[in-house]
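Reader: I'd like to go through this model with you, one question at a time. Could you keep the cut-offs handy as we go?

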Amino acid sequence: MAARLNPLDLYDVRSLLSDEERMVQDTVGRFVDERVLPIIGDCFDQGRFPGELIPEIASLGLLGATIPEKYGCAGMNGVSYGLICQELERGDSGLRSFASVQSSLCMYPIYAYGNEEQKMQYLPKMAAGEIIGCFGLTEPHGGSDPANMKTNAKKDGGDWIINGAKMWITNGNLAHIAIVWAQTDDGIQGFIVPTDSKGFTAQEVHKKMSLRASVTSALFLDNVRVPDAQRLPNVKGLKGPLGCLTQARYGITWGPIGAAQACLKEVIDYTQERVLFGRPLAANQAIQLKLADMARRITTAQLLSLQLGRLKDAGKMEPTQVSLAKWNNVRMALDIARDCRDMLGGAGITVEHSAIRHALNLESVITYEGTETVHQLVVGRELTGINAF
């Protein structure tokens, strides 16, 4: 019996997309199929970020995709950005992390909190992939409590002197600039810090079992001097970095859908071809129940993110809604990746198949930009009005 529905899109969510949104998804999907999937297993195995893909990612307009065209960007809507994240993460979470950090954590704060001079200086070159950024908020001791920030910036004439350390920084050793958040006498402020500044060091984190095809770094700032012209003038306090994180988390609600779809497709194909006890694995009730449950969870996640994207594009998206979708969708994808690894049997532990790679990557995705517990508590606070942090 031939399937009448797309197993990766049972509710035909694609029919709810505009022609432009479908074109974005198809373009990025083709790039992932042709350029990412053939190499990404080896990149993960070798612990190597495929930097050679950056010019192509940039040429497709995927960096800072939602920023207006006057700054050299694509001016897409929020749903299109979500679809970019979904397709890139169908390739690998590390690739989506690269694009998320460049777009939502580096270009967005310059666009939202910078002055016109800063926007014109940085955004076109960042969209072209000529300037790569990293985002320095998390500190070694800080974790889920960014207000407990030790990095500080002191005024010295027309300059600022920055001291401190940041940890778990995606793109840190690739970056030409770092968006560094620091305590000042006037609250937390953001600075655009060139990574070749005297006293600035990035140290790559090795021996990772997750996000291996991604650059993760520690940043150290030892009396780094930056002129006041490098300060982001239009925001003060934690709402600056948290606003960036809301943008990035929105993309993260879409990304794991792609990872889960990759795992489901792989395991559907595998269970139809693998014959045990005289019949294909897919003929077993236990297998079909698991596949059906995966389809149910992916469909729920697709509808959550699409409605979230429509709210975003209408200017009505609330951070609590992002928390709900990040919590649900990453948990969904992690559980599916683990189940798919199990259903692949011994074959599932190698990077010849994608399930173990996605499962390991999603262990990071469920932790970064708000742990699952923090997002649950954000929703709990919304429901009760009581902060339980």
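Reader: Does cysteine 263 count as buried, partly exposed or exposed, and why?
Author: First, this is a predicted model, where local features need pLDDT of at least 70, side-chain atom pairs count only at pLDDT 80 or more, and totals for chains, interfaces and linings use all residues. Residues are numbered from 1 along each chain as its sequence is written, and side-chain values use heavy atoms, with hydrogens and water left out. The classes go by relative accessible area: buried is under 20%, exposed is over 50%, and partly exposed is in between (1.4 Å probe, protein chains only). Cysteine 263 has 1% relative accessibility, so it counts as buried.

Reader: How many disulfides does the count come to?
Author: A disulfide here is a pair of cysteine sulfur atoms within 2.5 Å. By that rule the count comes to zero.

Reader: Which cysteine has the sulfur nearest to that of cysteine 263, and how far away is it?
Author: Cysteine 263 is in no disulfide. Its nearest cysteine sulfur belongs to cysteine 340, at 5.1 Å.

Reader: And for cysteine 73, how far away is the nearest cysteine sulfur?
Author: Cysteine 73 is buried, because its relative accessibility is 8%. It is in no disulfide either, and the nearest cysteine sulfur, on cysteine 106, is away by 13 Å.

Reader: How many residues of H3 are buried?
Author: Helices (H or I, at least four residues) and strands (E, at least two) are DSSP runs, numbered from the N terminus. H3 covers residues 78-91, and its end C-alpha atoms are 20 Å apart, which agrees with the span it should have at 1.5 Å a residue, 20 Å; that expected span is 1.5 Å times one less than the number of residues. The helix is largely enclosed by the rest of the structure, because its buried residues number 14 of the 14.

Reader: Where is leucine 303, and is it buried or partly exposed?
Author: Leucine 303 sits in helix H7, residues 285-313. Because its relative accessibility is 33%, it counts as partly exposed.

Reader: What percentage of residues 134-224 is strand?
Author: UniProt, in an unreviewed entry, lists these residues as "domain: Acyl-CoA oxidase/dehydrogenase middle". The end C-alpha atoms of residues 134-224 are 16 Å apart.

Methods. UniProt positions are given in the numbering used here, feature names are shortened, and annotations may be inferred rather than shown by experiment.
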